[in-house]
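Hello,

I am handing over the structure below. Please have it open while you read my notes.

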Amino acid sequence: MLHDQRTMALLFLLSLLLIQTLISSAADETVLKVEEDRDVVLPCSLSSKDENLESKLFGWKKDLNIEVFMYDSGHYYGHGFSGQDKQFEGRVSHFQDELKNGNASIKITKAKLADRGNYTCIFPRQSQSQTFHIQLLVGACPEPYITLDETNNKAELQCKVRGVCNDLKIEWRNSSNHSLSATNTTHKREDGSYDIVLNATVTKSDTYRCVITQEDICHQVSSPLKVAINEPSTEPTKAVSHVGWIALGAFLAGVVAGIAGGIAFLAKHDFTKKSTKRQKEERPLKSSTDQVQNGSS
């Protein structure tokens with residue numbers, strides 16, 4: 001008897017859920033964001049807070065057809081009812097003490113990436129059937145794994161993150177916090193998550209970081225990676241410059257020495273010329289003197 005009642009309740013719940021989903025608007029949807037492995041509460045309450053749900057029927061589904069939770073007059077999945085999707089077995093609970101206040105919220109323990117999706121809470125037996133829509137976004141925020149491959153004039157940077165969502169943003173940044181040009185490779189895993197590899201080539205010495213972010217959920221920065229590139233050295237140019245200055249100095253010294261030598265030579269030549277002229281002038285005078293002396297005697 002209980003099984004038949006449960007089957008009828010499920011069929012009735014599903015049909016109403018489909019109808020309510022088709023006529024509901026996106027404006028009624030609540031968006032929740034949570035990091036992987038954290039607990040999350042999906043809210044659902046009747047507009048009339050004083051209505052007791054302890055003897056009522058309400059249910060939760062994911063993406064219209066995945067059984068998350070169902071409650072009916074004290075019976076629920078794992079406690080009198082079966083049929084809950086294995087993804088949620090042992091991970092979903094309700095707030096028993098809050099049922100009397102019209103609160104049909106549930107808690108999902110240790111949210112997984114596979115839990116991302118659209119959830120619907122419905123009260124099919126109310127005088128006016130009510131449906132609540134929630135979009136759950138689950139993000140993983142693992143620490144990035146970085147590697148470095150250096151060559152003479154460049155370096156290859158690689159950043160890996162495993163088991164994340166495909167809407168995760170991953171980038172390489174330099175010490176000025178500027179994003180680098182990089183190539184992205186994505187691989188989908190069996191559980192629906194992704195492995196992402198980001199490669200960047202750099203040609204300048206700097207400190208680089210791999211940064212991963214997911215809006216309102218995750219922000220993770222890798223340890224700084226210092227890269228030293230063997231950039232073309234300016235020392236040979238300096239050496240040539242030094243040699244040039246030395247050569248110029250030697251040339252100028254030679255010029256100065258040559259000029260000094262020329263001046264010395266000219267001075268010596270002039271002195272010799274004057275000395276010879278003086279000697280020629282003195283010889284006639286001496287001869288006249290000798291002649292005078294001889295005549296006196």
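Here is what I found, topic by topic.

First, the ground rules. This is a predicted model: local features need pLDDT of at least 70, side-chain atom pairs count only at pLDDT 80 or more, and totals for chains, interfaces and linings use all residues. Residues are numbered from 1 along each chain as its sequence is written, and side-chain values use heavy atoms, with hydrogens and water left out.

The sheet. Seven strands form an open sheet, ordered E1-E10-E9-E3-E4-E5-E6, with mixed pairing. Strand E1 (29-35) and strand E6 (80-81) stand at the edges; each has a single partner strand, so one side of each lacks a neighbour in the sheet. Strands (E, at least two residues) are DSSP runs, numbered from the N terminus. Two strands pair if DSSP finds at least two bridges between them. E1 runs parallel to strand E10 (residues 130-139), over seven bridges. Lys33 has Leu137 in E10 as its bridge partner.

Asp216 sits in the loop between strand E16 (206-214) and strand E17 (218-221). Asp216 is exposed, with a relative accessible area of 64%. The cut-offs are under 20% relative accessible area for buried, over 50% for exposed, and partly exposed in between (1.4 Å probe, protein chains only).

The disulfides. There are two, counting cysteine sulfur atoms within 2.5 Å.

- Cys44 and Cys121 have their sulfur atoms 2.0 Å apart. This pair links distant parts of the chain, 77 residues apart: Cys44 is in the loop between strand E2 (40-42) and strand E3 (57-62), Cys121 in strand E9 (residues 117-123). The link is left-handed, at -70 degrees about the S-S bond. Both cysteines are buried.
- Cys159 is joined to Cys210, S to S 1.9 Å. Cys159 lies in strand E12 (residues 155-164) and Cys210 in strand E16, 51 residues apart. The S-S torsion is about -80 degrees, so this disulfide is left-handed. Cys159 and Cys210 are buried.

Cys165 is buried as well, at 5% relative accessibility.

Last, His94. It belongs to strand E7 (residues 92-94). At 15% relative accessibility, His94 counts as buried. Leaving out residues up to four places away in sequence, His94 touches Phe69, Tyr71, Tyr76, Leu99, Ser105 and Ile106 (contact means heavy atoms within 4.5 Å).

Best wishes

Methods: Helices (H or I, at least four residues) and strands (E, at least two) are DSSP runs, numbered from the N terminus.
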